[in-house]
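Please read these notes with the model open beside you, and look up each residue as it is mentioned.

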Amino acid sequence: MGVLSSPYPGSAVDEDQRWMRQAIALSYESLYITAPNPRVACLIVKDGKLLASGATQQAGGPHAEVMALRQAQERGLDVAGATFYVTLEPCSHYGRTPPCADALVKARPARVVVAMQDPNPLVAGQGIARLRAAGIAVTTSVCAEQALAVNPGFVARMTRGTPWLWLKSAASLDGQTALQNGVSQWITGAPARADGHHWRARSCVVLTGSGTVRIDNPQLNVREVETPRPPIKAVIDTRLEIDADARLLDGTKTWVFTCNDDADKAARLADRNAEVIVMPATGRGRVDLQAVMRWMGRHDINEVHAEAGKRMGGALLASGCVDELLVYLAPMVLGPGMGMYGLPALHALDQALRFEFFETRAIGEDIRLRARVAARWQELLRSVEAG
């Protein structure tokens, strides 16, 4: 890519937003590879021209700022006095790589524009402070909400200790996921099914219930998207009834969450690369789903893609684990069938679980709806907007 001029005339604020949107678009190129690290991109701009850009690589690899600086160096370009647009605050600590804030100070930019403050307690404003201490002007919270949309799981894990979980469903216009006889293939079309694999690929974990494994025997893998980092498969299986020959046990990493401490069964599953994790039970004797989310948070899981039947979907909703609904609606009406979520009957509308729609998109002949818990999203947004 050569040196490009910005095609957008306007104020400095407008320019910052336009360059940052370009950086955020670039960060999506890291969508499938960086976990548990965030997806970040960096642009280096000087005199209205893009000198270089970079996106974060796989965990342990270079961060976005280093990738952009390397590209500028390869092109023989002087970045001193440039403006750096970074979708997340440059790190200020030694992890698997040296601090990016130090690399920026050494590069001597005139200014750094940051979309989000890093909620990681090891950073949390220290990278911004280090840049300012070096005499570099820093502008913060530019397109913060758009940048957050790339990394809700990382921010959720850092701020509340649990991943961001979306619950995927495919249904008819009257909310049926299958006929009364169980037939569901296929309610939605091929484009919608392929799009669902994108959501699997970007997640750290694909989660389902033992009922879905027993009835549908799914593979739960990613088949429609190229990804070097397949997500971990996870099953909620209270009584540890999963068959060791289940198709999802294909040798890729799998977690089975249960209340049954059966060492012999665990050993047989371990031969299929499935780890049995004994969890506390609820008062009804079921796996404590909130405890599962906390366990995942402690094990560096950012995003969870839940793809389950009516019973498990209802349990995830009732336990407060669902942050977002990912619903594919097909243009058909099925009549009596199997509903989307198994929830108890309500006696008043104010008892309903509330979500807000924030995206509607046509996927082939179907519609993809996304809705989230508004208060949780606002909590994440407040945590990344620099004071």
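The numbered points below begin with the basis of the model and then go through selected parts of it.

1. This is a predicted model, in which local features need pLDDT of at least 70 and side-chain atom pairs count only at pLDDT 80 or more, while totals for chains, interfaces and linings use all residues. Residues are numbered from 1 along each chain as its sequence is written, and side-chain values use heavy atoms, with hydrogens and water left out.

2. Consider the nonpolar cores, where a core is a set of buried Ala, Val, Leu, Ile, Met, Phe, Trp, Tyr and Cys residues joined through side-chain atoms within 4.5 Å; buried means under 20% relative accessible area, exposed means over 50%, and partly exposed lies in between, with a 1.4 Å probe and protein chains only. The largest nonpolar core has 62 residues, and those that touch the most other members are M20, L43, I44, V79, F84, V112 and M116. Another core lies apart from it and has 35 residues, including I236, W295, A306 and L329. As general background, nonpolar side chains in soluble globular proteins tend to be buried together.

3. V79 deserves a look of its own, with contact taken as heavy atoms within 4.5 Å. When residues up to four places away in sequence are not counted, V79 touches I44, L51, L69, A72, F84, A107, R108 and P109.

4. How do helix α6 and helix α12 pack? Helices here are DSSP runs of H or I with at least four residues, strands are runs of E with at least two, and both are numbered from the N terminus. Helix α6 (residues 152-160) meets helix α12 (residues 374-384) at an angle of about 80°, and their axes are 10 Å apart; axes are lines fitted to C-alpha atoms, for helices over the stretch in contact, and angles run from 0 to 180 degrees between N-to-C directions. The two helices, α6 and α12, are therefore roughly perpendicular to each other, since 65 to 115 degrees counts as roughly perpendicular, under 35 as roughly parallel, over 145 as roughly antiparallel and the rest as oblique.

5. On the α6 side, the contact between these helices is made by P152, V155, A156, T159 and R160, and on the α12 side by R376, W377, L380, S383 and V384. Sorted by class, the contact has six nonpolar, two polar and two charged residues, where Ala, Val, Leu, Ile, Met, Phe, Trp, Tyr, Cys and Pro count as nonpolar, Asp, Glu, Lys and Arg as charged, and the others, Gly among them, as polar.

6. D16 is a residue of helix α1, and with a relative accessible area of 7% D16 is buried. Its side chain makes a polar contact of 2.3 Å with the side chain of R111; a polar contact is a pair of N or O atoms within 3.5 Å, and within protein one must be able to donate a hydrogen and the other to accept it, while residues adjacent in sequence count only if both atoms are side-chain atoms. Neighbours within four places in sequence aside, D16 is in contact with Y85, R111, V113, T139 and V142.

7. Which side chain does E359 join through a polar contact? E359 lies in strand β16 and counts as buried at 18% relative accessibility, and its side chain is joined to that of R368 by a polar contact of 2.6 Å.

8. C143 is found in the loop between β6 (137-139) and α5 (144-148), and its relative accessible area of 9% makes it buried. Leaving aside neighbours within four places in sequence, C143 is in contact with Q17, M20, R21, I24 and A115.

9. C143 has a positive phi near 60°, and L220, which is not a glycine either, has a positive phi of about 60°. L220 is in the loop between α8 (210-216) and β10 (232-236) and is buried, with a relative accessible area of 4%. The peptide bond from A35 to P36 is cis, with omega near 10°, and P36 is placed in the loop between α1 (12-27) and β2 (41-46).
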